[in-house]
Amino acid sequence: MFGFRSRVSEDMRSWIFDCFDWFDDRFEPPDQLVLPTRAFFQAPKGIGQDTAEQVLADIQRHMKIDQRIEIVPLDVLPGEYRLDYNALSSVAGAYDNSAGIPVIHYDPEQMKYPLQFVNTLAHELMHARLDNWVDDVPGGAGAHELATDLGCIIAGFGVFQLQAADEAGWSGYMTQPTRAFALAVFLSRRDLGIDAVAHYLSSRCLRLVKQAVKQL
């Protein structure tokens, strides 16, 4: 579970600010958050391939990524045969461009958890966006996975990043306080208040964002 050390180090804060500048200079900055509502997602309910493809299309639209990207289910055990679903969260998604056509692989079981599924696809799509920039993002290749998570927050998916990790009970590449701080930076740079996210976050996540706003 998460360590609730809410203060983010000065080095991490500086890196987050540098990444916001870097992303905003190269990609069109979003003017709003992407939220888990029908206003943002046209995909129908369900756990089929058609739904997965539409969710991917919705995220691509919000990220303004118009290249062809295929989405393929991972060959994994159905949920009822797993001892611990969250133990397999590290393979919830994967990105591959070895054949020249970007492919996102996803765990179909995760579609039962929409926040986590959207967050996974957003992360893998950010890999596609950064394909040719791995060494150029602040921190270089060594910070690539961390920058991929942060890139999702910068692209407007901060609610998904923060709340999906809380829901899944694991923190992935970023700590929860770091995600909350990055979301607070997003709100500040886009002239949004905490009320823009309050309805969509658990009390634990909202408390972290409020603490991060005070740090700013």
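Colleague: How far apart are the end C-alpha atoms of helix α3 (residues 114-129), and which span should its 16 residues have?

Modeller: This is a predicted model, in which local features need pLDDT of at least 70, side-chain atom pairs count only at pLDDT 80 or more, and totals for chains, interfaces and linings use all residues. Residues are numbered from 1 along each chain as its sequence is written, and side-chain values use heavy atoms, without hydrogens and water. Helices are DSSP runs of H or I with at least four residues, strands are runs of E with at least two, and both are numbered from the N terminus. The expected span is 1.5 Å times one less than the number of residues. For α3 that should be 22 Å, and the end C-alpha atoms are 22 Å apart, which agrees.

Colleague: Is α3 enclosed or open, and how many of its residues are buried?

Modeller: Buried means under 20% relative accessible area with a 1.4 Å probe, counting protein chains only. In α3, 15 of the 16 residues are buried, so the helix is largely enclosed by the rest of the structure. Across the protein, buried residues make up 50% of the 216 residues.

Colleague: At which angle do the axes of α2 (residues 49-63) and α3 cross?

Modeller: Axes are lines fitted to C-alpha atoms over the stretch in contact, with angles from 0 to 180 degrees between N-to-C directions. Here the axes come within 10 Å and cross at roughly 55 degrees. Contact means heavy atoms within 4.5 Å; among the residues making it are Leu-56 and Ile-59 of α2 and Leu-121 and Leu-125 of α3.
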